[in-house]
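Dear colleague,

I am passing on the structure we spoke about, and below it you will find my notes on what it contains. Please read them with the structure open beside you.

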Amino acid sequence: MTTPTISWPTALVFTLCGLTHAELARYEAPRSAQPVDTPRVSVVAVWVVGSVLTLHLAAVLMVSAVLHAHDLLRGPDPGRSGRVLASVGGATLAWLVWSTVNSSSSAPVEVTSTSTVLAAGLTGLLCLFVADGPASLRVAGRPISAVHPGEGSPGVYGQFVARTALGVLLGLFAHFSVFAIPFILLPVAYLQRSMRGRALHHAAAHDAKTQLWNHAAWQQLSTAALASHRTHARSAVLMVDLDHFKRLNDTFGHHAGDDVLTSVAHVLQTTTRRHDIVARFGGEEFSILLPGVTEGEANDAAERIRHQIEALAVITTNLHGRPTTISGITASIGVATTHHAEADANVDDLLVTADRCLYQAKELGRNRVCGPTLAAVA
């Protein structure tokens, strides 16, 4: 694969298509009520990756500079100028790597060959990683198992891969003909709009702090799960409430409290089964639907959760910003089962029963499990 001898017309087309794409994204932003360009990877990155794989360095820098200048003019953003410099540096480094790969082969390389596409993809990832390195590391530091894969969304990981793939696609098309680039502008815009739609759908159904289902989504999913006669005959709802959480917030600060909530959410997800439905009910309360369990199995599950929470040691920072470890976290849990409910009992009825049992556990001294016919377990 060789770089086109006349690349400035290609650079002009990339620039015009990038500007058009950015304006389309800007037009969609008010309708989605969310920022369209994420702080991690902007729409600009698609066209910069494409130009890296197609143009010589001067043209790449021109495309990057014009598109980022347009991005800066679209609105104030304290961190955007730093991302512009990082992106230009990333594009330069990626172009050097790509040029080295191209020049190392004496024989002509087919544009559609596996090795070429793989090298193009790796170069695109390098460009995005250097341009957004700090954000990438923060994302990678998040436990992927914090949410079940089936409940998650492509999120930031998917956006990195998808935008790299789109940039690689642009570059490969440009090697065939510069006139092919505008024809994939609409598909690119459509795919990114689809990604935004999935991200908004995920945000609407999940709690922002813990990435668990929110209460509205949990109620909808639980109602559907209980609609099955078999499931309704043997199911349970757990209400989990952290003990003395306000005192913890007052002692260590709300940032530490958020870290505790995140750690407890992780415990709930890893202690339950994949088809159990776990949600943050609100504040320091969590709700769990356990389909297809007996009363004894529900009680055992609640005890496992209680012990796992009690064993937590959350590494966080205190009110003064100093590292600290919070331990001794306890939870009270109320259990309601369909076995003891009315035949036509719904999710709301089970929640009322579980909530009543939760308050019984609180009155009996906290850090225990209570159910309709279960003695409080210390």
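**The sheet and its surroundings**

Strands β1 and β6 run antiparallel and are joined by seven bridges, and within this pairing the bridge partner of V237 is A336 in β6. This is a predicted model, in which local features need pLDDT of at least 70 and side-chain atom pairs count only at pLDDT 80 or more, whereas totals for chains, interfaces and linings use all residues. Residues are numbered from 1 along each chain as its sequence is written, and side-chain values use heavy atoms, with hydrogens and water left out. Helices (H or I, at least four residues) and strands (E, at least two) are DSSP runs numbered from the N terminus, and two strands are called paired if DSSP finds at least two bridges between them.

β6 and β7 run parallel and are joined by two bridges, and I333 stands opposite V369 in β7. Taken together, five strands form an open sheet of mixed pairing in the order β2-β3-β1-β6-β7. Because β2 (277-282) and β7 (369-370) stand at the edges with a single partner strand each, one side of each is left without a neighbour in the sheet.

β6 is mostly covered, with seven of its seven residues buried, where buried means under 20% relative accessible area, exposed means over 50%, and partly exposed lies in between (1.4 Å probe, protein chains only).

**Salt bridges**

The structure holds nine salt bridges, each being a side-chain nitrogen of Lys or Arg within 4 Å of a carboxyl oxygen of Asp or Glu. One of them joins the side chains of D243 and K362 (2.9 Å, N to O). Since D243 lies in the loop between β1 and α11 (245-252) and K362 in helix α14 (residues 347-363), the pair ties together parts that are 119 residues apart in sequence. Both D243 and K362 are buried, and D241, D243 and K362 are linked in a network of salt bridges.

R273 forms another salt bridge, with D276, the closest N and O atoms being 2.6 Å apart; R273 is partly exposed at 31% relative accessibility, whereas D276 is buried at 2%. The side chains of R306 and E310 also meet in a salt bridge (3.9 Å, N to O), and these residues, four apart in helix α13, are separated by about one helical turn. R306 is buried, with a relative accessible area of 2%, while E310 is partly exposed at 32%.

**A buried serine**

S222, in helix α9 (residues 215-226), is buried with a relative accessible area of 0%, and S222 touches I277, L289 and V347, if residues up to four places away in sequence are not counted.

With best regards

Key
Contact means heavy atoms within 4.5 Å.
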